[in-house]
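Biologist: Please show me the chain, and then let us discuss the model in questions and answers.

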Amino acid sequence: MSEFHVEVGQSYSFRKTVSEADVYAFAGITGDLSPNHVDEAAMRETPYGGRIAHGALLVGYMSACSTMACANARDGGETPVSLGYDRVRFLEGVRIGETIAVTYRIARIDAQARRSYADVEVHVVDTGKLAAVAVHILKWVPNAP
């Protein structure tokens with residue numbers, strides 16, 4: 001196996017307005033009920049000016065782009081599996097009601113190890129601010145014969 005289903009430079013994007021329902025569902029699922037995410041009055045008194053989305057929720061949105069990159073991979077004899085996100089950084093808070101744009105760009109391929117590496121960025125659409133970054137690593141596993 002020497003071919004990949006993705007190529008260096010390929011890019012995928014995802015946009016979404018972060019809703020209150022998203023944040024509260026994520027808080028309930030994870031148990032992360034930090035005032036940062038669920039207490040508008042407390043957060044209004046901070047530099048953020050109100051509640052912000054969980055950083056881990058932003059990583060979940062990054063995963064949406066990963067899924068797009070892998071959409072046709074199973075047809076080619078391999079199953080892509082996430083090995084995780086390296087160098088994850090949350091640079092700006094994303095307020096409830098703001099729209100984000102996630103960009104997922106294939107940056108490097110290690111054919112011998114059957115891995116691809118993507119640079120991922122999350123921008124707040126209205127301000128253009130970079131809210132989060134990461135490097136995503138996919139392992140391409142051969143399907144059973």
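**Confidence, a helix and salt bridges**

Modeller: In this predicted model, the mean pLDDT is lowest among the elements for α4, at 93, and highest for strand β4 (residues 115-124), at 97.

Biologist: What is the mean pLDDT of the chain?

Modeller: Of the residues in the chain, 94% reach 70 or more. The mean pLDDT of the chain is 92.

Biologist: How wide an arc do the buried residues of helix α1 cover around the axis?

Modeller: In helix α1 (residues 20-30), the buried residues are D22, V23, F26 and A27. They lie on the same side of α1 because the arc they cover around the axis is only 125°.

Biologist: Which exposed residues does the face of α1 turned away from its buried side carry?

Modeller: The cover over the buried residues of α1 includes β1 (11-17), α2 (35-38) and α4 (55-69). On the face turned away from the buried side, the exposed residues are A21, G28 and I29.

Biologist: Is E78, the salt-bridge partner of R114, buried or exposed?

Modeller: The closest N and O atoms of R114 and E78 are 2.8 Å apart. This pair links distant parts of the chain, with R114 in the loop between β3 and β4 and E78 in strand β2, 36 residues apart. Buried means under 20% relative accessible area. R114 has 9% and counts as buried; E78, at 1%, is likewise buried.

Biologist: Which residues do salt bridges that share partners join into one network?

Modeller: R95 and E40 meet in a salt bridge at 3.8 Å, N to O. This pair links the loop between β2 (78-90) and β3 (99-110) to helix α3 (residues 40-44). The network joined through shared partners consists of E20, E40, R51 and R95.

Terms used:
Residues numbered from 1 in each chain as written. Predicted model: local features only at pLDDT ≥ 70, side-chain atom pairs only at ≥ 80, totals over all residues. Heavy atoms only, no water. Buried < 20%, exposed > 50% of the residue type's maximum accessible area, 1.4 Å probe, protein only. Helix = DSSP H or I, 4+ residues; strand = E, 2+ residues; numbered from the N terminus. Arc of directions from axis to C-beta. Contact = heavy atoms within 4.5 Å. pLDDT = per-residue confidence, 0-100. Salt bridge = Lys/Arg side-chain N within 4 Å of Asp/Glu carboxyl O.
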